[in-house]
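Here is a short briefing for a first look at this structure. Please keep the sequence and the 3D view open while reading.

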Amino acid sequence: MRVLEINGNYELSGSIRISGAKNASVALIPAAILADEETTICNIPEITDTDALCEILETLNVKVKRASESIIIDPTEMINTDINEIHCKKLRASYYFMGALLGKYKKAVMCFPGGCSIGKRPINLHLKGFESLGATITNHNNQYIVEAEELKGANIYLDFASVGATINIMLAAVKAKGITTIDNAAKEPEIVNIATFLNSMGAKISGAGTSTIKIEGVDYLHGCFHEVIPDRIEAGTYMIIGAMCGKNLKIDNIIPAHLEALTSKLLEIGAHVQIGIDYVIVSKPDKYIPTNIKTSVYPGFPTDLQQPFTVLLTQCEGKSKVEETIWENRFMHIAYLNELGADITVKNQTATVFGPTKLTGTTVVATDLRAGAAMLVAGLAATGVTIITNIDHILRGYEQIVEKLVGVGAKIENKEI
Ligand code: EPZ
């Protein structure tokens, strides 16, 4: 079994360069099939989630070339085949092929996607959007067949500002006849990055980053060059690590505006944060002040940083509260934090953290990607040795995590036990 072994309680300093955003990359790769020519996307992180999507491209006879940090996707000889269950279940973002294949061929056949078990994660809003564009959806033996004679622009209101549904509907609508409007669209920076990519191919999308997105269908999408934005969640994870064990830890190659909710909470608890044009420098304070966080859609406090941030709250002097409003099952890290020495109770969707508590290394499980990140933050601050199991979850989302942390002084190893 492979584990991450951390010998904790070392001060971390130096610089960490942030990779391209996972949650943008996992949509950009499927989006690339909409072009009728080759596209090049740079700054794609080398993580297992992007590898899994490239495997799907290969099953669709799309040529994929990877050079370091860049990916060249050539769909000119693509064939629209069913995507098998194993590929669909490897990750959540396999569902972006539903929108992309529907948009390109007016037919997609695939299963319910996989991904972290952080809630029920229905895809009803995606399907409702496809239906509004004129698609019919049938489900045989757990396989969705989404098809349309013709896709026609429509006005679509999302009951919730879902990231996945907003992107999937954009992918399906980009070549539809006429104008599609998505109201109550998600506003995450990753959505803007996908819309920019599609527009560089010749799409006509406006309003991405606001709650109303307008898509004027086009007939042809050409090749282009595109760059993935920096990963705000990876950056946020390292900022939290900086607040926990950093001495002038520089988090480089970021867009600070994408991290404002986290930065303001770090300042509120007393961490030292110096903001530059494309970097932040974070140091741990002498004393941490308790605070409350409530996750919400962008630009609110991101749910994907809730789990690592909770670790920081264990060091605050007094009572802090964490309310999770996006995912109903995103407190699986709490039991393991308590095993490390934290004092946290959970009631309904709120965790109450009593601090400060000393953290001491033990064996813990990465139950999902960001729970794994939380274990990592805790292990780096804990005295003694922390062993994290189920590390596949962590490797799905953090590029070169061991190398990046070793580079700033952490004692961490990916090893077989
Ligand atoms: C994306 O998931 C991210 N994943 C998640 O990151 C992130 O936590 C989430 O957005 C919220 O920011 C990817 O980008 C691959 P949603 P997504 O659709 O698109 C409900 C990570 O750790 N909903 O915005 O699946 C849903 O149940 C991952 O990197 C419906 O009810 O999230 C949830 O409560 C985990 N019906 C809420 O909306 C739907 O059809 C937000 O989901 C779709 C969603």
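The largest nonpolar core holds 79 residues. Those with the most contacts inside this core are Phe97, Met98, Met170, Leu171, Ile194, Leu198 and Ile205. Helix α6, residues 163-173, gives the most to this core, with 7 residues. Another core lies apart from it and has 70 residues, among them Trp327, Leu340, Leu369 and Met375. The model is a predicted one.

**Cores**

- In soluble globular proteins, nonpolar side chains tend to be buried together.
- Ile194 is one of the residues with the most contacts inside the largest core.
- Not counting residues up to four places away in sequence, Ile194 touches Ala24, Ala27, Leu28, Ile167, Met170 and Leu171.

**Overall build**

- The secondary structure of the protein comes to 14 helices and 23 strands.
- The radius of gyration is 21 Å, close to the 22 Å that the globule rule gives for 417 residues, so the protein is as compact as a globular protein of that length.
- Along the principal axes, the C-alpha atoms fill a box of roughly 60 × 45 × 40 Å.
- Of the 417 residues in the protein, 58% are buried.
- Among contacts with a separation of 6 or more, 72% join residues 24 or more positions apart.

- Strand β3 covers residues 39-42.
- Thr39 and Ile41 point one way from β3, while Thr40 and Cys42 point the other way.
- All four of these residues, Thr39, Thr40, Ile41 and Cys42, are buried.
- On β5 (residues 70-74), β3 has an antiparallel partner, joined by 4 bridges.
- Ser70 in β5 is the bridge partner of Cys42.
- With β13 (residues 225-227), β3 pairs in the parallel sense over 3 bridges.
- Here Cys42 stands opposite Glu227.

**Helix α9**

- Helix α9 spans residues 260-268, and its buried residues include Ala261, Leu262, Thr263, Lys265 and Leu266.
- What do the buried residues of α9 pack against? They pack against α8 (232-245), β15 (272-275), β17 (292-294) and α10 (303-313).
- Just after α9, Gly270 takes a positive phi of about 105°.

**Two buried loop residues**

- Lys175 sits in the loop between α6 and β10 (179-183).
- Is Lys175 buried or exposed? Its relative accessibility is 17%, so Lys175 counts as buried.
- Lys175 touches Leu34, Asp36, Gly103, Gly217, Val218, Asp219, Tyr220 and Leu221, leaving out residues up to four places away in sequence.
- Lys175 and Leu221 are 46 residues apart along the chain, and their C-alpha atoms are separated by 8.4 Å.
- Ser94 lies in the loop between α3 (85-89) and α4 (96-105).
- With a relative accessibility of 0%, Ser94 counts as buried.
- Beyond its neighbours within four places in sequence, Ser94 is in contact with Leu53, Ile56, His87, Cys88, Met110 and Pro113.

**Aromatic pairs**

- A pair of aromatic rings is described by the distance of the centres and the angle of the planes.
- How many aromatic pairs does a search of the whole structure find? The search finds 2.
- Tyr95 and Tyr96 form an edge-to-face pair, with 4.9 Å centre to centre and 65° between the planes.
- Phe301 and Phe309 have ring centres 5.3 Å apart and planes at 70°, so this pair is edge-to-face.
- Tyr95 counts as buried at 8% relative accessibility, and Tyr96 counts as buried at 4%.
- Phe301 and Phe309 are both buried as well.

**Charges over rings**

- The charged end of Lys250 sits over the ring of Tyr279, 4.6 Å from the ring centre.
- The charged end of Lys411 sits over the ring of Tyr10, 5.0 Å from the ring centre.

Key. Residues are numbered from 1 along each chain as its sequence is written. This is a predicted model: local features need pLDDT of at least 70, side-chain atom pairs count only at pLDDT 80 or more; totals for chains, interfaces and linings use all residues. Side-chain values use heavy atoms; hydrogens and water are left out. Rings of Phe, Tyr and Trp (its six-membered ring) pair if their centres lie within 6.5 Å; planes under 30 degrees apart count as stacked, over 60 as edge-to-face and the rest as tilted. Buried means under 20% relative accessible area, exposed over 50%, partly exposed in between (1.4 Å probe, protein chains only). A charge sits over a ring if NZ of Lys or CZ of Arg is within 6 Å of the ring centre and within 35 degrees of the ring normal. Two strands pair if DSSP finds at least two bridges between them. A nonpolar core is a set of buried Ala, Val, Leu, Ile, Met, Phe, Trp, Tyr and Cys residues joined through side-chain atoms within 4.5 Å. Contact means heavy atoms within 4.5 Å. The radius of gyration is taken over C-alpha atoms; the globule rule is 2.2 Å times the number of residues to the power 0.38.
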